[in-house]
Amino acid sequence: MDFRPLSDTERRQLINALRGNAEHDRAILMDRRDTSFIGTTDEVTDEEVISAIRSVPCHY
């Protein structure tokens, strides 16, 4: 994967999303294909939760 620094707009959006998460419990959303930031939401769908759980590697 190539490193690409955030643009000013992306940086501001991410900072606002992190503040929203810390102050108002808003969920931060990421694209499943490339893990890029795609926004925030107050409610997360069941499909998003299941996808996040499945993406965590489990080793026994």
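Strand 1 and strand 2 form a hairpin with six residues between them, and Thr-35 in the turn has a positive phi of about 55°. The model is predicted, so that local features require a pLDDT of at least 70 and side-chain atom pairs a pLDDT of 80 or more, whereas totals for chains, interfaces and linings use all residues. Residues are numbered from 1 along each chain as its sequence is written, and side-chain values use heavy atoms, with hydrogens and water left out.

The two strands pair in the antiparallel sense over four bridges (pairing requires at least two DSSP bridges between two strands). Within this arrangement, Leu-29 has Gly-39 of strand 2 as its bridge partner. Helices and strands are DSSP runs numbered from the N terminus, with at least four residues of H or I for a helix and at least two of E for a strand. Strand 1 spans residues 27-30 and contains Ile-28.

Together with Leu-18 and Met-30, Ile-28 makes a nonpolar patch of about 260 Å². Patches consist of residues with over 30% relative accessible area and no salt bridge, nonpolar side chains (Val, Leu, Ile, Met, Phe, Trp, Tyr) being joined within 5 Å and like charges within 9 Å. The areas come from the Shrake-Rupley method with a 1.4 Å probe, and for residues only the protein chains shown count as cover. Ile-28 is partly exposed, at 31% relative accessibility (buried denotes under 20% relative accessible area, exposed over 50%, and partly exposed the range in between, with a 1.4 Å probe and protein chains only).

Two salt bridges are present in the structure, the criterion being a side-chain nitrogen of Lys or Arg within 4 Å of a carboxyl oxygen of Asp or Glu. In one of them, the side chains of Arg-4 and Glu-10 meet at 3.2 Å, N to O. Arg-4 is exposed, with a relative accessible area of 55%, while Glu-10 is partly exposed at 26%. Arg-26 and Asp-42 likewise meet in a salt bridge, at 3.0 Å, N to O. Arg-26 lies in the loop between helix 1 (8-24) and strand 1, and Asp-42 in the loop between strand 2 (37-41) and helix 2 (46-55); the pair therefore ties together parts that are 16 residues apart in sequence. Of this pair, Arg-26 is partly exposed, with a relative accessible area of 25%, and Asp-42 is exposed at 52%.

The largest pocket holds about 410 Å³ of space. Its lining comprises 14 residues, of which Arg-4, Leu-6, Thr-35, Ser-36 and Phe-37 are the closest to its centre. Helix 1 and strand 1 are the elements that give two or more residues to this lining, and helix 1 provides the largest share, three residues. A pocket is an open set of points on a 1 Å grid over the protein atoms alone, where a 1.4 Å probe fits and protein lies on both sides within 12 Å along at least five of seven lines; lining residues have an atom within 4 Å of a point.

Terms used:
Points joined across faces, edges and corners; volume = space filled by probe spheres on them.
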